[in-house]
Every structure is written in structure tokens, then in C-alpha cells.
Amino acid sequence: MVKPNFLILMADQLSGVLFPDGPADFLHTPNLRRLAARSTRFANTYTASPLCAPARASFMSGQLPRRTQVYDNAAEFASSIPTYAHHLRRAGWHSCLSGKMHFVGPDQLHGFEQRLTTDIYPADFGWTPDWRKPGQRIDWWYHNLGSVTGAGVAEITNQYEYDDEVAYHACRKLYDLSRGADDRPWCLTVSFTHPHDPFVARRKYWDLYENAPELEPPPAIPYADMDPHSQRLMDACDWRASAITPDHIRRARQGYFANISYIDDKIGEILDVLDRTRQDAIILVLSDHGEMLGNRGLWFKMNFFEGSARVPLMIAAPGMEPGRIDHPVSTLDVLPTICDLAGLPMDEIAPWTDGHSLLTPTDRPPVPMEYAAEGSIAPMIALRDGRWKYIACPADPEQLFDLSADPDERHNLAPDPAHAATLTRLRDMAAARWNLPAYDAEVRESQARRWIVYPALRRGAYFPWDYQPLQQASERYMRNHMDLNVLEESQRFPRGE
């Protein structure tokens with residue numbers, strides 16, 4: 001079997017609601033649209049956890065947050081947990097990351113042989129929630145609604161600087177791979193921070209959506225009528241401090257859509273280099289979690305509603321038929337799918353993942369989700385089973401939605417006696433999977449430990465864990481230990497044309 005290359009393209013906070021079958025028609029995304037046409041498109045893909053670090057650790061390991069213990073954006077991802085980078089590297093692949101993966105802890109590689117950029121977010125324990133203080137806002141890092149009120153146009157931002165660099169290094173890496181100095185198959189993961197808020201976009205992308213009907217504010221639910229977790233999220237975002245107007249919402253949505261077009265441009269640059277260097281690769285496109293964009297009155301993520309929990313997933317691979325798949329799947333399924341496509345023995349992969357290969361789509365179990373981070377006060381869990389979504393938390397009333405009849409999730413059927421049998425079935429399935437009191441105790445212990453360790457490490461000599469990209473200047477371009485003639489020929493692709 002020829003060992004395939006893999007190109008994994010990841011956006012941040014890109015909602016699967018906007019990818020019902022590839023990009024929604026109103027999105028200006030020609031590169032993603034062309035890629036979708038030759039991809040298997042999984043219309044109902046769910047994150048393992050609707051927050052950056054837990055979602056990414058789960059995507060890379062194929063394990064739920066309770067298993068990885070990456071409960072929130074400041075929880076350490078243990079070096080001993082196998083990721084798809086470990087599995088592929090062990091089997092002979094070169095593995096490389098350009099961009100964000102939000103690793104917390106001293107291990108900033110997790111199986112990647114090479115990392116081309118630093119991360120955009122901190123690698124330490126400073127963003128640890130504290131369930132001992134319910135309702136506490138940690139102002140310097142908690143979300144607020146400034147991303148909504150501050151939406152607008154800028155030609156350079158913190159995030160643009162980062163993603164421009166991510167794309168540049170990804171393209172440069174593809175050129176390096178084409179030169180053939182390393183004959184191993186490769187897996188290149190390119191992970192952008194857009195379209196994650198703040199909703200600020202370059203003018204060329206902003207103007208694409210001027211007066212678009214999709215900018216109009218979606219229906220909101222008054223705070224008093226929200227479920228308890230949604231109210232906690234609103235409080236965590238300090239909603240009373242910001243008077244959000246319809247124009248704020250339009251501008252925030254415009255900035256978000258504009259940055260999807262920016263990501264499309266960057267993906268186009270990468271695919272162009274792949275094509276011009278005559279390299280073949282299996283291509284995956286996905287996100288870590290979604291974005292509520294004002295739906296239900298909510299912003300960002302951190303909940304199990306569709307805008308937050310559903311993500312795009314498209315795979316262009318030999319043997320996978322282009323077309324739409326509707327049955328629910330998970331980002332947990334990506335690791336076993338990559339390993340299956342690579343031809344690795346799946347009996348060696350299965351013990352290390354909660355996911356299931358998408359090459360065998362029949363008889364799939366319900367999709368599980370977990371959340372135990374900012375805005376929560378106890379572990380939250382969810383199951384997507386066919387048309388049904390079940391949400392439970394020891395602190396809150398259960399929720400049950402029929403997504404076929406109620407795609408906007410406005411009618412909680414859990415109190416309805418007509419749906420008691422369905423509720424009992426899903427409740428029993430959840431009870432068989434999760435021990436919520438034990439899960440709660442584990443999260444609280446982890447938080448308490450980190451609230452000791454973090455301030456201790458900031459005293460005295462400070463050695464940050466933030467990844468410092470390594471560039472060996474003495475091995476780049478022309479140096480005196482190199483033969484100039486050999487160098488110029490070896491660094492050229494194609495040769496002899």
C-alpha cells in the first residue's frame with residue numbers, strides 16, 4: 001500500500017450550521033466550495049467539547065475531555081496520551097504543525113516532529129476556572145461582549161498577524177516537502193485562529209457581505225426565559241455592561257462571515273502550492289467548535305446548541321465518495337479515520353480512542369459531548385442520537401430536542417410526558433457512560449491543584465511553556481559548509497525544467 005500524505009486544515013470557531021453541505025450558498029468561499037465538491041461532507045459533525053483546548057485535545061487524541069483531563073483552556077494535556085501525530089509518526093510519517101493547537105503544559109508538540117509557529121494563546125494554567133467561586137468573573141481573560149460592540153474593519157490585527165504567518169509557513173513547508181530531501185510520507189496540520197472573535201476583518205473581505213440578508217439579527221431569547229446554563233454564560237460575558245444594538249449584531253456577523261472568506265483565501269494559497277508542487281494528499285477540513293453569532297441571544301460557544309457544538313467536516317480521500325452524509329459523527333472520529341486511511345492496524349488504535357472510523361459508517365453509536373469549563377458550575381454532558389439531542393447537568397433541568405422537527409432547539413421536550421420513553425432511554429445511555437459525581441470531583445481537584453501551581457510558578461525565576469519555534473539559521477539558504485552548486489539544484493522543484 002502506498003502511504004498517503006495528509007493535509008489537515010483547521011479553522012477556529014467555524015460553525016457547522018454554515019456548512020450544511022459544504023459552505024452555505026451566501027458565503028464567498030470559492031476554494032472551500034471546490035474542495036467540498038470532491039469531498040465526503042459530514043453535515044452533522046459535533047465537537048467533543050465546545051471550547052478550544054478541550055476540543056483540540058479531544059480531536060488530536062480521539063478521547064473525551066474526562067479521559068484526557070483537558071477540562072478547560074488551562075488544563076494540561078498529558079504527554080502520555082497518544083495523538084494522531086504519534087500514531088502516524090510511529091508508523092513512519094513526518095508530522096508537522098503550523099498554527100494553533102492550544103496545548104497547555106510543557107509538552108508543546110504532542111507527537112508533532114516539527115512545529116513551525118508559536119501558539120496564539122498561553123500555554124500555562126492562568127485561565128483556570130474555579131468552581132469553588134460560582135458566578136466569579138475573571139475579568140482579564142473571560143469573554144465579554146467587546147468583540148460584538150467592537151466589530152469593524154482593520155487591515156492588521158493580532159489575529160491577522162498570526163494567521164498570515166501560519167499560512168506562510170505552511171506554504172513554505174509544502175515547498176520544502178516537494179524537494180524530496182525526506183522521502184517519508186507526511187502529515188501537515190495547518191490550524192488558523194480565524195474566524196474566532198474579535199469580529200474584525202480586512203476591508204476586502206468585509207465588503208463582500210455589505211447589506212447581505214444573513215447579517216440580520218437572529219431571534220433572541222430574553223435572559224429571564226433562558227435555561228440556567230445560558231444565563232450563566234450571559235453573566236460570564238458580563239452582558240449587563242454592554243448595550244447590544246441590532247447594528248452591533250449586524251457588524252459582528254459581517255466580521256465573522258468576512259473572516260471565513262479570509263480563511264478561504266489562505267486555504268486557497270495552500271492548495272495552490274500543493275497543486276503546483278505536484279503533491280497528492282488526503283485533505284481534511286474541520287473546526288474545533290462553532291459560534292452562536294447572536295442566536296438565542298448567545299455569542300461564542302461553551303454550550304451544546306447547534307451553533308456552538310456543530311462543526312464542519314469534509315474529507316477528500318481516495319475511496320471516500322464525494323457527497324453528503326447526514327448521520328451524526330464526532331471530531332473524536334477523525335483520529336481513527338486518519339489511521340484507517342493510513343492503513344494502520346485498527347486493533348492497535350481502538351484502545352486509545354473514543355471515536356469510530358468514518359470509513360465504516362454503519363451502526364454508529366450516539367455522539368457524546370462534554371463540557372466542564374468557564375460558565376459551568378458542574379460537568380455538562382450531551383448525546384446526539386439520530387434526530388434527538390439530550391443535555392444533562394447535575395445543576396440544571398434536563399433538555400431534550402427533536403432536531404428534525406425543531407432545528408432551532410426552541411422546544412425542550414424533557415418535561416413533556418409524550419416523550420418520556422425517549423428521555424428515559426437517553427438518560428439511561430448517559431448514566432451508563434458517565435459517573436457525573438466522580439467527574440465533578442475530578443474537575444474540582446484539577447482546578448484546585450492548578451490554583452496552587454500557577455501562582456507558585458509565577459514567583460521568582462519564570463520559565464514559560466509557550467512554544468519557541470526553532471530555526472537553524474546555519475542550515476538555511478547558503479552557508480560555507482554547503483556546496484553552492486549542489487544546494488541550488490537540490491532546493492529547486494521541479495528540477496531540470
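Rings of Phe, Tyr and Trp, the last by its six-membered ring, pair if their centres lie within 6.5 Å. Planes under 30 degrees apart count as stacked, over 60 as edge-to-face, and the rest as tilted. In this predicted model, a search of the whole structure finds 19 aromatic pairs.

Take Phe77 and Phe103 from that search. Their ring centres are 6.0 Å apart and their planes stand at 40°, so the pair is tilted. Phe77 lies in the loop between helix 3 (65–68) and helix 4 (84–90). Phe103 lies in the loop between strand 4 (94–99) and strand 5 (114–115). The pair therefore ties together parts that are 26 residues apart in sequence. Phe77 counts as buried, at 3% relative accessibility. Phe103 counts as buried too, at 2%.

Next come Tyr223 and Trp239. The ring centres of Tyr223 and Trp239 are 4.7 Å apart, with the planes at 25°, so the pair is stacked. This pair links distant parts of the chain, 16 residues apart. Tyr223 sits in the loop between helix 7 (203–206) and helix 8 (228–236). Trp239 sits in the loop between helix 8 and helix 9 (246–276). Tyr223 counts as partly exposed, because its relative accessibility is 22% and buried means under 20%. Trp239 is partly exposed as well, with a relative accessible area of 24%.

Arg240 lies over the face of Tyr223, at 5.1 Å from the ring centre. A further arginine over a ring is Arg458, which lies over the face of Tyr462 at 4.3 Å from the ring centre. Aromatic residues also gather in a group: Phe26, Phe199, Tyr209, Tyr256, Phe257 and Trp299 form one aromatic cluster.

Gly146 and Trp239 are 93 residues apart in sequence, but their C-alpha atoms are 9.8 Å apart in space. Gly146 is found in helix 5 (residues 146–149). It is partly exposed, with a relative accessible area of 34%. Another such pair is Gln114 and Pro469. These two are 355 residues apart along the chain, and 8.8 Å separates their C-alpha atoms. Gln114 lies in strand 5 and is partly exposed, at 30% relative accessible area.

An open sheet of three strands has the order 10-3-13, with mixed pairing. Strand 10 (310–311) and strand 13 (329–330) stand at the edges. Each has a single partner strand, so one side of each is left without a neighbour in the sheet. Strand 3 (residues 45–46) and strand 10 pair in the antiparallel sense, over two bridges. Thr45 has Val311 of strand 10 as its bridge partner.

Five bridges join strand 14 to strand 15 (residues 380–385), and the two run antiparallel. The bridge partner of Val367 in strand 15 is Arg384.

Tyr477 is placed in the loop between helix 14 (436–457) and helix 15 (484–490). At 59% relative accessibility, Tyr477 counts as exposed.

The backbone has its own points of note. Most residues other than glycine have a negative phi, and most peptide bonds are trans. The peptide bond from His194 to Pro195 is cis, with omega near 5°. Pro195 belongs to strand 7 (residues 186–195). Another cis peptide bond joins Asp197 and Pro198, where omega is about 10°. Pro198 is in the loop between strand 7 and strand 8 (200–201).

Two residues carry a positive phi without being glycines. Gln69 has a phi of about 65°. It lies in the loop between helix 3 and helix 4 and counts as partly exposed, at 43% relative accessibility. Asn211 also has a positive phi of about 65°. Asn211 lies in the loop between helix 7 and helix 8 and is exposed, with a relative accessible area of 68%.

Notes:
Residues numbered from 1 in each chain as written. Predicted model: local features only at pLDDT ≥ 70, side-chain atom pairs only at ≥ 80, totals over all residues. Heavy atoms only, no water. Pairing = 2+ DSSP bridges. Helix = DSSP H or I, 4+ residues; strand = E, 2+ residues; numbered from the N terminus. Buried < 20%, exposed > 50% of the residue type's maximum accessible area, 1.4 Å probe, protein only. Lys NZ or Arg CZ within 6 Å of the ring centre and 35° of its normal.
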